[in-house]
Amino acid sequence: MSEFAEVVLNLPVDRSFTYRVPAALQDIVRPGVRVKVPFGPREQQGYVVRLADAATFPRIKDLKEAGDEVLADERILELTRWVASRYACSWGEALNAAIPAGVKTKNPGQVIRLIGAGQGEAKTDKQKVALEVARRLTAPLPRAEFLKHTGVSAAVLSAMIKSGLLVETKIRPEIDAMAEALVENPVDIRLTPAQEEALRIVEQGGVILLHGVTGSGKTEVYLRSIARVVAQGKQAIVLVPEIALTPQTVARFKSRFPRVAVLHSVLTQADRARQWRAIRNGEIDVIVGARSAVFAPTRALGIIVLDEEHEAAYKQENDPRYHAREVAVQRAKIEGASVILGSATPSLEALHRAQSGDYRLARLPGRVEGREMPEIEVVDMAAEKQELKRHPVISRRLEQLMTQSMQREEQAILFLNRRGFLTHVSCRRCGWFFSCRRCDVAMTFHRETARAVCHYCYDSQPLPAICPDCGAGTLALYGMGTERIESEIKHLFPGFNVSRMDSDSMKTRDDYRRSLGALWGGETDILVGTQMIAKGLDVPDVTLVGVVSADTAFHIPDFRSSERTFQLITQVAGRTGRGEKGGRVVVQTFYPQHDAIKMAATYDFEGFVRKELELREELGYPPFVSLVRALVQGWNEKRVHEAAKQLGEKLRATFDESKVRVLGPAEPPLYKLKGRTRMHLLLKCPELEPVLPALRRVADSFPSDNNLSVILDVDPINML
Ligand code: ADP
Ligand code: ZN
Ligand code: ZN
């Protein structure tokens, strides 16, 4: 029996603490259980990571409470420890992110453990109270309610169960998420030679980058690889960028495997907790979920699939700022599983590793059954503007093709990466700009609500009648968003059914279902939406896709903007031409000569990658160096500037310039966000691992509180 436990806390403190395990808790305290410990003046939640027979520290406090369920096994402990060191957070924070809230809280909502009276005599006053309550019960009480009712602690309860004074019965409610009807889908597809080859490469293990255009049969390769793993009694994790957007993919997994858990983001904590336990108990073979499903508590992990590997959604934008791809690769290494990274447009990071031999590359060169990729036409909007003497939303060419599609009773999708009606509101007289009071960004006008909305903090305000700055000028609306396109299209194509899909119009899962159903059923003629519609849709009658503006990424200062533009066009093109009727794509841009646009339009992925990699190497950007972004933010503008300057000086003093290049401090594009001032620095490191510990020490030397914080973002994706 170990007398001491090493505990990590869900705090940004980069170390563990040792506590004594009181006798009553000795049976339940194991690595991976949740505990409550005295910490300073308060109590704090933490996780036991190790047991010890001796402690070197003389004044050791007792653990207060312990949960009796192991929430992280040895492998998850190891994985989260790696996450902590790789992404500059604490082990406790990493563990906290890995375990869903529902299983951490005492009351997981759905009752699993029931408490009733047992045999024997109570020894303490607390035990007496608890036992009296228990004996008066007509039926066993849910554990959480029992605790609340009696006021005893979990530790007392556990001790009483152990000594037989109380009896605990466990019941497991059905997982109703699995009760959905299974679609019959006999596996009579004969794999293409390229798919066979990919499958063979997967079989050899390790990390496989599966590169194939949309419709080339990647999902079929995932399904077969998983089937093999499941047949061996192992489990599979399938990660998708955004679960709500992939109902078709989910349906395919459900139709092939009877024991699938889908970790929707809209699940209640209780549902999540039940699924988590079902996975841990080995009742589930295939787990489909977004980013955090990479931590699913499988018993024997065989494979992890990351679909759309290049997606930014795999990076978590708050602590711990991990990237699911990196975590998946590390997890597979720990557990001896394989990984498939699938994409039509792999990230340059993944391609670079495939080229250097860390990953193995499998290619699916064409669409199955020889269907052609649609032709992509680029329309020069600058020329269009000049000829028409106005700024049209839809070019003449796009309008013409849409008319043809409508005449043939086919469907069209228009895509614009910007929500709302018109983007900017500004004064005609003095040029005043309607920007958010708390963020340094333009407000977007939404006509449906007649308000200006900040897309960062969701603050909204009514539109003033006259300029609040000069008190005289009237306000004008500029730019465009999905709402405006929708209204324009309704005007251009009267009598046709136009619908819109963006995060304003899609609030619930039912909204998606309805919209997708209407598109599938052919009721929707023209769909207008943001990039959320760029993936996962597979509708045979969509024969035309228009990218209203391919230029949105160019306006953001980011070294990945070319890559994003290329990916966007390729993904969007994949949404059409999947049926017998073929398809067309029109891309509207003010930069028709830009490499990303030219090369995407000719499907020259290899050419684009070669060029872009050359550029990245020359300028010293990933994948040739690792980046760390240090963000300083706080309420006091002056203090933020001072701290950022100091941080820069300290970093430059710490690191040899030939090893780590420190850029900044500088104002980020979002200089003000939710009322706080922000400054950032960028570190370019040829080698990341040796730099991180020192970097953390420097960052931790700044007081981190509500007024000022220094955030380290390793491998940042969002540079705003
Ligand atoms: P991706 O994931 O690359 O977009 P999918 O695996 O979804 O591609 O395949 C596209 C379509 O082709 C699907 O409807 C799928 O059922 C079908 N398909 C996949 N492989 C084959 C094959 N070998 N023969 C016939 N149809 C196939
Ligand atoms: Zn004005
Ligand atoms: Zn705001």
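I call a residue buried under 20% relative accessible area, exposed over 50%, and partly exposed in between (1.4 Å probe, protein chains only). My model is predicted, so I note that local features need pLDDT of at least 70, side-chain atom pairs count only at pLDDT 80 or more, and totals for chains, interfaces and linings use all residues. Residues are numbered from 1 along each chain as its sequence is written, chains are lettered from A and ligands numbered from 1 in the order in which they are written, and side-chain values use heavy atoms, with hydrogens and water left out.

**Zinc site.** I looked up the donors (N, O and S atoms within 2.8 Å of the metal, or 3.2 Å for Na, K and Ca; water is not among the atoms, so sites may look incomplete). For the zinc ion (ligand 2) I found the SG atoms of Cys-427, Cys-430, Cys-467 and Cys-470, at 2.2 to 2.4 Å. Their sequence spacing reads C-x2-C-x36-C-x2-C. Cys-427 is buried, at 4% relative accessibility.

**Leu-692.** I found Leu-692 in helix H21, residues 692–700 (helices are DSSP runs of H or I with at least four residues, strands are E runs of at least two, numbered from the N terminus). Leu-692 is buried because its relative accessibility is 4%. Leaving out residues up to four places away in sequence, Leu-692 touches Ser-85, Arg-86 and Val-714; contact means heavy atoms within 4.5 Å. I also checked Leu-477, which lies 215 residues from Leu-692 in sequence and 47 Å away, C-alpha to C-alpha.
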